[in-house]
Amino acid sequence: MQREIQVICGNVSIPKLSDFLKTITSIASENEVVIQGLNADLIAGERHLHFAVGKALRAVAAGRNIAKDPGIEIMRYASGERQIERSFSIGLREGENNAVFVLLGKMDNLVLALSAIRKLILEKPCFELLAYSDSKRQGILSLFGITDAEIEASGEEHIPELVIERVALADFVK
């Protein structure tokens, strides 16, 4: 089965996370697609997102996935974590969120699901929300455990590459 990938970004206000996740889950099941929301403030650029999604989908295709749900597998790789519970740190939270939603499915179904998500968010260009910036620095260093020594050795401008390295190592790090 050929699955297409679509990504949509925007601001979303989430008063109660469990209600919001139920809404996303029902949009996904009604349209027979996978939808995974991530905190865009913890994504170190489009390359980070695309690399994580690719790794997750290859793991699922090869039967090497840890999570049963492909969306959770995407979250796991995006966070550079082996453990599912710890990967939720890159997910959405209550309050104001800069969000990125990754959708997988047949194109006709994706169009309908995207339309439903557009009603929930204030859409913004993904290149803006996903781009690495100083405002993301502290959250990203903390989430990915990037040390001052690593930054000193590779340079401040290489933080996004250090994140991608964590994603690449997600299969091996216990």
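**Exercise 1. Locate Glu-32 and decide whether this residue is buried or exposed.**

Step 1. Glu-32 sits in the loop between α1 (17-31) and β2. Helices (H or I, at least four residues) and strands (E, at least two) are DSSP runs, numbered from the N terminus.

Step 2. Check the backbone. Glu-32 is not a glycine, yet its phi is positive, about 55°.

Step 3. Apply the cut-offs: buried is under 20% relative accessible area, exposed is over 50%, and partly exposed is in between (1.4 Å probe, protein chains only). The relative accessibility of Glu-32 is 62%, so Glu-32 counts as exposed.

Two notes on the source. This is a predicted model, where local features need pLDDT of at least 70 and side-chain atom pairs count only at pLDDT 80 or more, while totals for chains, interfaces and linings use all residues. Residues are numbered from 1 along each chain as its sequence is written, and side-chain values use heavy atoms, with hydrogens and water left out.

**Exercise 2. Find which residues touch the most other members of the largest nonpolar core, and which element gives the most.**

Step 1. Define the set: buried Ala, Val, Leu, Ile, Met, Phe, Trp, Tyr and Cys residues joined through side-chain atoms within 4.5 Å.

Step 2. The largest core has 34 residues; Leu-38, Ile-43, Leu-49, Ile-90, Val-100, Leu-130 and Ile-146 touch the most other members.

Step 3. Elements giving two or more residues to this core include β2 (34-39), α2 (46-61), β3 (95-105) and α9 (159-168). The most come from α2, with 5 residues.

Step 4. Follow Ile-43. Leaving aside neighbours within four places in sequence, its contacts include Leu-38, Leu-49, Ile-90, Val-100 and Leu-130.

**Exercise 3. Work out how α9 is covered, and contrast Ile-164 with Phe-172.**

Step 1. α9 is mostly covered, with 7 of its 10 residues buried. These are Ile-159, Pro-160, Leu-162, Val-163, Ile-164, Arg-166 and Val-167.

Step 2. Identify the partners. The buried residues of α9 pack against α2, α3, α7 and α8 (148-154).

Step 3. Zoom in on Ile-164, in helix α9. Its relative accessible area is 9%, so Ile-164 is buried. Beyond four places in sequence, Ile-164 contacts Arg-47, His-48 and Phe-51. Ile-164 and Gly-45 are 119 residues apart in sequence but 9.7 Å apart in space, C-alpha to C-alpha.

Step 4. Move to Phe-172, in the segment after α9. At 61% relative accessible area, Phe-172 is exposed. Phe-172 and His-50 are 122 residues apart in sequence and 20 Å apart in space, C-alpha to C-alpha.

Terms used:
Contact means heavy atoms within 4.5 Å.
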